[in-house]
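Hello,

Please find the structure we talked about below.

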Amino acid sequence: MVTPTPLSIDSLTKVYGEVTAVRDVSFVARPGRVTGFLGPNGAGKTSTLRILLGLNRPTAGSALIDGQRYRDLDAPMHRVGSSLSADVFHPGRSGRNHLATLAIAAGISRARVDTVLEMVGLAEAGRRAVGGYSLGMRQRLGLASALLGDPDALVLDEPINGLDPDGIRWMRSLLRSLAAEGRTVLLSSHVLSEVQQTVDDVVVIRHGRVVFDGELSTLEAPTTRVRVDAADRAALTDALTRAGATVELGSAGLAVLGLDVARTGEVARDAGLALTHLSDESDGLESVFLALTADDVAASPPPEGGWAPPSAAAAEGSAA
Amino acid sequence: MTALLRATASEFAKVFSLKSWWLLGLIIVVYVGLTAAALAFFFSDIGSQLAGVGTGAPAPELDPVVAANLVYSSVTAVGLVIPLLFGALLATTEWRHGTLTPTVLAQPRRGIVLAAKGVVAAVMGAVYGVVGLIGSVGLGAPVLAALGEPTALDEPEVIGVLLRTLLATALWSLLGLGLGALLTSQIAAIVIVLAFTQFVEPILRLVASVWEWSASIGRFLPGSATDALVGAGILSSLNALDPSVPSATVDALTWWQGGLVLAALAAVLIVAASLTTMRRDVE
């Protein structure tokens, strides 16, 4: 029953007074996939999503839902469900009544209100005034309003924000299963590691411009960096260089670029060298993301001496 | 049409899921009721004698129907601030709490949202009129009767005043909606509503009534237009209550002219909002 609904942003530009928040942004969030829309705070993510949902007007370009503007959709909440902020509730109104007012306006059955409250775990709290909700509960209520129309596509701005670890796991599996049903899921975040287990595709935006658009796996293939050491460093350097690697002498061994851990080990074995150390020091996804989104002045310089601080996302290496 | 009906039902659901609507109802029934009771006492023989004590001047004899109308029209004399405030809050609460975002996500055609709020403002304005009349008639009539004055509730003229009171409160609620939607700031709307109804307009009306040229402009003030629409009002009747109050001889507006003035003012405000604040980016 899901209608494949791509979300297409085309040459979108948004200027607020003197500030250009979004510059010529183009990308497509595809049906059946979870697209992560990533960038630091103020990069233009929210502006883009608000234009997509007809809340803000574009200065130039377009943002279309299955080829139509949001305001031109026959039943907008059935096509796109969205949650943009946890601050869109009247504190004196109960969560359930909040959803009911939206359901009435969109012609959605009242039974669906209780269904989505159940889905997001607010069946009990739904009867209380939103003023007493935690940030995580308001995030869940926002998600409930997004799910209200059983939509073909979901647009969520920072949905992980304020959720506890259980909530984050729950959100992940929910978004994965919604995409598996053929729905389009577009979610924004300023922290890649929050969503890297959830997303298929990644669009990275910085200063209003798209700096990366592709599958997560293509973002995930950073330069391999291996740290290796042996008693005879000169022979090891020689063998690795012949195998095609670039080798630098670092403070704690050799920095090898261009070979992965397994190949480095093989080269050392073939050269008859006993290794005293072998580890994968590749940049993690987060540092790739940070390098993409860093300001020019702070653009990640190659670490002095060869070794970047080991990141949490780096694969475990092994000492020989 | 379906969209407008749904949007209207949604706006009603919003109103009834908060406490403010019945708190405003409670305030208008108490405020208007006490005012009506005080006026009924003042217009009775006993009240007149008390008023006459000390000054030596005989209190003016009021026609019983005029007196009853003044008592019952306490709703429009002091209570209009309530429907005005209701209309203003109906609009500004959407900006104050950011609920405009989900509202226009559920109904992206903002003209329909504003029209739905217009329906709710008019209906709830009339409801506050009914509630106000429960106060003014419910307390004013027993006081008149107890003091030996006719309640005049069977007089067609009085019944006309009561019915047109509902029209007045509905129009003032629409005025509030237009004002609120144009201002978008809840604080600004509340301050302006209270300052205008409690100080600015009464003073303007008093000053305007002194000269003929100013009175011909002053009769278009919302309060004067309301007195014309309803057919009774303390400020319009000051001269009848106390002949020493100066009064310029300017023809008052007819009731339908008064109604048109209010309707036109509300329409201007609401249309202006639909062309400006309602078209802006929702932040």
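This is a predicted model: local features need pLDDT of at least 70, side-chain atom pairs count only at pLDDT 80 or more; totals for chains, interfaces and linings use all residues.

Residues are numbered from 1 along each chain as its sequence is written, with chains lettered from A and ligands numbered from 1 in the order in which they are written.

Confidence: the complex has an ipTM of 0.90 and a pTM of 0.85 from the predictor. Chain B has a mean pLDDT of 90, with 90% of its residues at 70 or more; pLDDT is the predictor's confidence in each residue, from 0 to 100.

Chain A: this chain has 320 residues, of which 47% are buried (20 or more other C-beta atoms within 10 Å of the residue's own, with C-beta atoms placed from the backbone). Its secondary structure comprises 11 helices and 13 strands, which are DSSP runs numbered from the N terminus (helices H or I, at least four residues; strands E, at least two). Along the principal axes, the C-alpha atoms of chain A fill a box of roughly 75 × 45 × 35 Å. Of the contacts in chain A with a separation of 6 or more, 72% are between residues 24 or more positions apart; a contact means C-beta atoms, placed from the backbone, within 7 Å.

Contact between the chains: chain A gives 28 residues and chain B gives 23 residues. On the side of chain A that touches chain B, helix H2 (76-79) and helix H3 (95-106) of chain A are the elements that give two or more residues. H3(A) supplies the largest share of that side, seven residues.

Regards

Notes: A residue is buried if 20 or more other C-beta atoms lie within 10 Å of its own, exposed if 12 or fewer, and partly exposed in between; C-beta atoms are placed from the backbone. Two residues are in contact if their C-beta atoms, placed from the backbone, lie within 7 Å.
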